[in-house]
Amino acid sequence: MKKIYLDYAATTPVDKKVLEAMLPYFSENFGNAMSVHGFGQEALEAIDEARAKAALFFKCSPSEIIFTSGATESNNLVVKGILRSHNSIARKAEEKPHIITTAFEHHCVLDACKFAKKDGLAEVTFITPNKEGLISVKDIKAAIQPNTILISVMYVNNEIGTVQPIAEIGKLLKKINIERATEKLPKISFHTDATQAINYFNCDVDEIGVDLLSMSAHKIYGPKGVGLLYVRKATAIKRIQDGGDQEYKMRAGTHNVPGIIGLGAAINAIKTPATLKYIKEITQLRDYLIKRVLKEIPKSYLNGSAEKRSPNNANFRFDDVEGEGLILSLDLDGIAASTGSACSSGALDPSHVLLSLGLRHEQAHGSLRLTLGKHTTKQELDIVIVKIKEVVKRLRKISGNVLADFK
Ligand code: PMP
């Protein structure tokens, strides 16, 4: 049975060229980048090259790139590091800092904020998206308080693929921060979790106006266990992990040299003229899939805005069908799909993302996320559409809900 992979938002295969670039750093060039001898210096040079590639991609200075173990770590570093920095400045206990984030962030941002609130370290406002899965700039503006120090809004939602108005928020904050400086109020740092955006959207940090940006190599055809955090110069943030002086003293721990080399090669590969052509092609494939599913399966719906959505994401909901049953059945046919984020699979709680759109529990359980990638073909989608139709029909029959005829 030929397997079909439609879970590129969970992870991507490592590109062959990326793997080739990494391989020497496992064996012959195995030095620790902090060692002063030749082996170490060779590793350090390679890391600096990867850092330069990342800086070119984000249009920032290499010293603003901090390599981490992935987006989970980068996001934790943002929330906890900003609070740590704030709390290290002598402030009265009653001046609790305030964070604004959204109700449908990845759990690494959401839970870091929830714990900060629970532990009494910060006030937090969770902005809910509209039913299309979009955050309003007006809502963000209205939530700002004199003690706000951080706003964290994801660029592209990992479950429903909706694209948030990051550049607009960036523009607004630039203006607000100028006013706040004259009023002697703390600067508001702006962070975006761009993990699902790197392949498709503008990540020029000045153009989108962010101070902090997180990403992960395994979503861009690079290796797992490595990512980075862009930190704009002069941002008030402290490290959260104590130990060595790596990464401008912002992230202690021996460098994952092959991983970092892989991240550099993977991010460099996005900056090619072929990328624009690829984005057009994958958007067409996504639209073909969405159109056919909605037309041919009764009582099927698209979760999240059809327009402001990542070129590779299709997230459906089917009345009277459990998403988990659907995914298990598709897996038996060799089709890899997901109900939402890979991190929450196994848990039968309904998706917090779908609930935040105002869906009922049973609706939030019936979703299917198909995410396309570089190797997806129209032929694969044709097979998958037929299979989804079969499985939905069968599951509805079992649950006693035979709906209108399938087209
Ligand atoms: N943020 C988003 C939006 C993600 O999609 C993911 C991965 N599912 C993460 C953070 C966590 O990234 P990592 O796997 O690198 O820890």
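Author: In this predicted model, a salt bridge joins D206 to R232, with 2.9 Å between the closest N and O atoms. D206 belongs to helix α7 (residues 205-208), while R232 sits in the loop between β8 (227-231) and α8 (246-249), so the pair ties together parts that are 26 residues apart in sequence. Side chains of opposite charge can pair when their charged atoms come close.

R232 also forms a salt bridge with D211, and here the closest N and O atoms are 3.3 Å apart. Since D211 lies in the loop between α7 and β7 (212-216) and R232 in the loop between β8 and α8, this pair ties together parts that are 21 residues apart in sequence. For R232 and D211, the separation from C-alpha to C-alpha is 4.9 Å. What do the accessibilities say about R232 and D211? R232 counts as partly exposed because its relative accessibility is 23%, and D211 counts as buried because its relative accessibility is 7%; the cut-off that matters for both assignments is that buried means under 20%.

When neighbours within four places in sequence are left aside, R232 is in contact with E64, V205, D206, V210 and D211. Of these contacts, the one with V205 includes an approach of the R232 side chain to the backbone oxygen of V205, at 3.3 Å. The structure as a whole holds 19 salt bridges.

Another of these pairs is R286 with D287, whose side chains meet in a salt bridge with an N to O distance of 2.9 Å. R286 counts as buried because its relative accessibility is 5%, whereas D287, at 36%, counts as partly exposed.

A further arginine, R51, is found in helix α2 (residues 38-58), and it counts as buried because its relative accessibility is 5%. Not counting residues up to four places away in sequence, R51 touches P62, I65, F67, E247 and Y248. R51 and I260 are 209 residues apart in sequence, yet their C-alpha atoms are 8.3 Å apart in space.

Two lysines deserve a remark on backbone geometry. K184 has a positive phi of about 60 degrees although it is not a glycine, and its place is the loop between α6 (166-182) and β6 (189-193). K249 likewise has a positive phi, of about 65 degrees, without being a glycine, but K249 is placed in helix α8. K184 counts as exposed because its relative accessibility is 75%, and K249 counts as exposed because its relative accessibility is 51%.

On the side of domain 1, T12, H352 and L357 supply 23% of the area buried against domain 2, more than any other three residues.

How many salt bridges and polar contacts are counted between domain 1 and domain 2? The count of salt bridges between domain 1 and domain 2 is zero, whereas 19 residue pairs are found in polar contact across the interface, with both residues at pLDDT 80 or more.

Technical notes. Residues numbered from 1 in each chain as written. Predicted model: local features only at pLDDT ≥ 70, side-chain atom pairs only at ≥ 80, totals over all residues. Heavy atoms only, no water. Buried area = accessible area lost by both parts, 1.4 Å probe. Salt bridge = Lys/Arg side-chain N within 4 Å of Asp/Glu carboxyl O. Polar contact = N/O pair within 3.5 Å; in protein donor to acceptor, adjacent residues only side chain to side chain. Helix = DSSP H or I, 4+ residues; strand = E, 2+ residues; numbered from the N terminus. Buried < 20%, exposed > 50% of the residue type's maximum accessible area, 1.4 Å probe, protein only. Contact = heavy atoms within 4.5 Å.
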